[in-house]
Amino acid sequence: MKIPFSWLKAYVPLTSTPEQIAADLVRLGHEVEGVELPRAGVKGVRVGLILSKRPHPDADKLSLLQLDIGEAEPLAIVCGASNMGEGDKVPVATIGTSLPNGLKIKKGKIRGETSCGMCCSETELGLAEDASGLLILPADAPVGMEVGEFLALEEAVFDLSITPNRGDCMNARGLARDLAADAGLPFTDVVQADVVTSAEVVAPVVAVAAGEDCPVYLARRIDGVKVTDSPAWMQAALLMAGMRPVNGIVDVLNYLMLTMGQPMHAFDADCLAGDVSVRAANDGEPFAALDGRNLSLRAGDLVVSDANGVLALAGIMGSLPSGVTDQTVNIMLESAFFRPARISETRRSYAMVSEASMRFERGVDPLMVAVAMNQATAMICDLYGGVAGAVTACGDAAAVNAGVEVHCRISRIESRLGITIPPATDEVLARMGFGISRQDDQLHVVVPPFRHDISIPEDLSEEYARVIGFDAIPAILPPLAATMPVQKSRFIHDAVAGGFLQVVSYAFISADEQRLFVADDGMDIALANPISDAMSVMRRSAWPGLLNVARHNLNRQQPGVALVEQGRTYARSDRGHDENSVLAWLVTGEMEQDEWYGTARSADFFDLKGAVEAWLSARGLSGRFVADDAILGLQAGQSAKILVGRSEVGRIGRVDADIAARFDIDAPVFVAEMALDLLPAAKPAKFAPLPEFPGVERDLVFLFERGCSSDAILDAVRSAAGKLLTEARIFDLYDGKGVPDGKVSLGIRFVLQDGSRTLTQEDSDAASTAIIAAMQKRFDAPLR
């Protein structure tokens with residue numbers, strides 16, 4: 001946003017330099033991105049009178065000029081323009097002048113003729129983007145006078161970046177109020193303009209059906225206007241403020257918006273049909289915007305309409321058919337207060353930014369709605385003629401943001417800022433419009449209606465800080481209570497260390513995918529407004545997400561994948577819903593690729609089982625894998641529940657081939673899932689010295705009934721062998737010749753060791769005898 005210095009001076013008698021004013025604005029919390037100096041930019045350009053004009057002898061399109069710039073001798077200048085003649089007054093850049101476009105004027109020769117300066121157009125002076133010839137100055141322009149001074153170019157233009165919470169300062173009036181309050185200078189506020197109205201001009205009939213989004217709406221007709229270009233001073237002012245002149249009516253409204261802060265809109269009254277309504281749009285309702293876009297509106301968008309349709313997207317942009325043009329004779333002027341949240345939501349949904357929307361969505365001064373309406377009416381009638389009618393007013397501007405109070409302790413603000421707040425600071429805030437009263441340590445503040453950003457004590461702390469100056473606040477860290485450092489979870493890190501790739505999938509899946517691994521028990525959490533059917537319920541298993549990731553990678557020529565994800569699953573409960581932390585694995589495809597020393601090997605159940613065992617071992621835990629053919633979605637004979645101690649903490653197995661095929665995976669897929677909330681606390685690692693005495697390894701072979709659980713067999717071995725046992729495993733399985741039907745021969749290898757002595761034959765025999773007896777008793781398994 002650009003604000004000329006003269007606009008600020010119109011409200012407050014500032015005597016500081018532009019550099020000092022820029023520093024004050026920054027201290028008050030308004031970022032100044034730059035300060036342009038238009039008048040200084042054309043220093044050395046003077047008013048020149050053309051004494052003579054003749055053709056260049058060697059160039060058809062050049063002229064030789066003699067100009068009087070108030071010096072003893074006239075200047076000789078070679079000029080390429082053609083729109084000037086003898087007696088005209090034009091801007092003349094003298095030798096040594098640097099123009100805004102970076103051109104430095106030097107004495108030189110053009111086609112053999114000496115040129116001692118340059119006659120300038122609006123473009124070369126930085127006043128316009130293009131020009132058809134020289135700028136012809138009025139006949140009363142004093143010869144030799146600085147052009148910047150004669151044209152009343154701005155001494156300075158401030159380029160500001162106003163923070164989103166300070167909508168009241170997106171105009172010259174609001175900034176001047178802050179500067180006046182800060183410096184203790186008088187503030188000359190806008191005076192209500194006197195408007196002569198005529199009963200012959202019919203007042204618009206307006207109905208506001210969306211009062212919550214539009215608490216104040218004013219409308220007035222002005223008949224008989226003659227739309228022309230705005231005066232030169234207004235066009236120059238708008239250009240300095242970074243806005244392009246459009247036509248007389250629009251320029252007046254833009255000028256008042258930049259100076260007073262109230263956006264307004266003018267409709268061509270002859271294009272309106274019937275009464276005006278401020279309402280919510282219907283779903284799919286068409287709107288042809290001024291910027292040329294044709295929109296299909298959503299239900300709930302705030303619009304201004306007539307009997308034929310939408311006239312404006314309220315607070316953002318008017319429609320093209322109802323816009324004011326050079327042929328417009330009668331207008332309807334609109335001034336309103338729209339709810340900031342509604343304007344912001346609509347503006348974002350259509351990516352439609354306008355100067356008006358930027359102010360409405362930050363909040364305008366509700367008390368300026370009527371004042372700006374009258375000011376605009378007076379200027380339009382004065383500049384372009386016309387007769388104004390009565391104002392149709394809907395809503396009460398005085399009730400908007402009225403009576404907002406904030407109460408807190410002074411000591412609380414001082415503690416937050418780290419400094420003592422002098423009572424003189426209250427006077428500055430009072431000049432800014434706040435009602436301030438202190439009673440001992442209590443502070444009572446009545447917030448002005450234009451400060452929509454003040455509602456809690458922290459907001460007041462910011463106000464005091466910017467008045468005192470942020471540089472005055474000491475850079476001291478606040479006292480912090482000592483706390484125990486948060487222990488970082490190693491769940492996913494240990495899984496990744498095992499060779500798995502961490503992935504993150506959506507917590508939303510389709511209802512069909514949910515049924516693959518979770519029975520339909522009515523405990524799903526369905527989304528009320530899902531993005532799509534594929535993301536309609538909260539997941540109760542992480543496996544569908546991993547299968548989708550695996551399919552994505554396998555379809556891109558990955559020979560195999562090993563994935564792991566830590567996340568949450570969700571289900572309904574008596575408390576509303578439960579969130580459970582889980583760690584899930586998936587392996588499929590090649591675990592080892594073809595090499596010169598061996599062939600490729602596909603993933604199997606034991607690859608994943610070993611990874612889960614290693615993960616448990618890293619936490620000092622050991623797991624048991626108990627066969628379970630009832631796990632939904634996993635293949636019978638290759639699925640198990642995972643136990644730690646006596647608690648079931650997870651599941652592991654091979655995904656049913658039909659389910660894998662549903663995800664376009666034809667290789668065996670193995671998955672596991674660990675309920676992290678059910679895991680016992682990790683056991684800290686303990687140091688154990690390497691044993692000095694050798695161990696004893698023995699093998700026993702038994703004949704078991706087919707179907708006996710290997711986990712149950714090894715558990716019985718551990719119980720029978722006693723404290724000397726350090727390892728037990730099944731090393732051989734045989735069911736061929738010599739083994740009866742229904743039986744299987746299993747070889748059990750166990751290791752005994754004592755860290756304090758060498759074991760004897762008696763120790764080995766005792767353990768063997770105990771194991772043999774346990775196998776016979778528990779499984780009726782004889783020794784072979």
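A: Helices (H or I, at least four residues) and strands (E, at least two) are DSSP runs, numbered from the N terminus. This is a predicted model, in which local features need pLDDT of at least 70 and side-chain atom pairs count only at pLDDT 80 or more. Residues are numbered from 1 along each chain as its sequence is written.

Q: Why does Ile 419 count as buried?
A: Buried means under 20% relative accessible area (exposed over 50%, partly exposed in between; 1.4 Å probe, protein chains only). Ile 419 has 18% relative accessibility, so Ile 419 counts as buried. Ile 419 is found in the loop between helix H11 (410-417) and helix H12 (424-431).

Q: Which residues does Ile 419 touch, not counting residues up to four places away in sequence?
A: With contact meaning heavy atoms within 4.5 Å, Ile 419 touches Glu 414, Ile 468, Ala 472, Ile 473 and Pro 474. The C-alpha atoms of Ile 419 and Ile 473 are separated by 6.7 Å, although these residues are 54 apart along the chain.

Q: What makes H13 mostly covered?
A: Nine of the twelve residues of H13 are buried, among them Leu 460, Tyr 464 and Val 467.

Q: Why are H19 and H20 called oblique to each other?
A: Angles under 35 degrees count as roughly parallel, over 145 as roughly antiparallel, 65 to 115 as roughly perpendicular and the rest as oblique. Angles run from 0 to 180 degrees between N-to-C directions, with axes fitted to C-alpha atoms over the stretch in contact. H19 (residues 710-721) and H20 (residues 761-779) pack at about 135°, and H19 and H20 are therefore oblique.

Conventions
Side-chain values use heavy atoms; hydrogens and water are left out.
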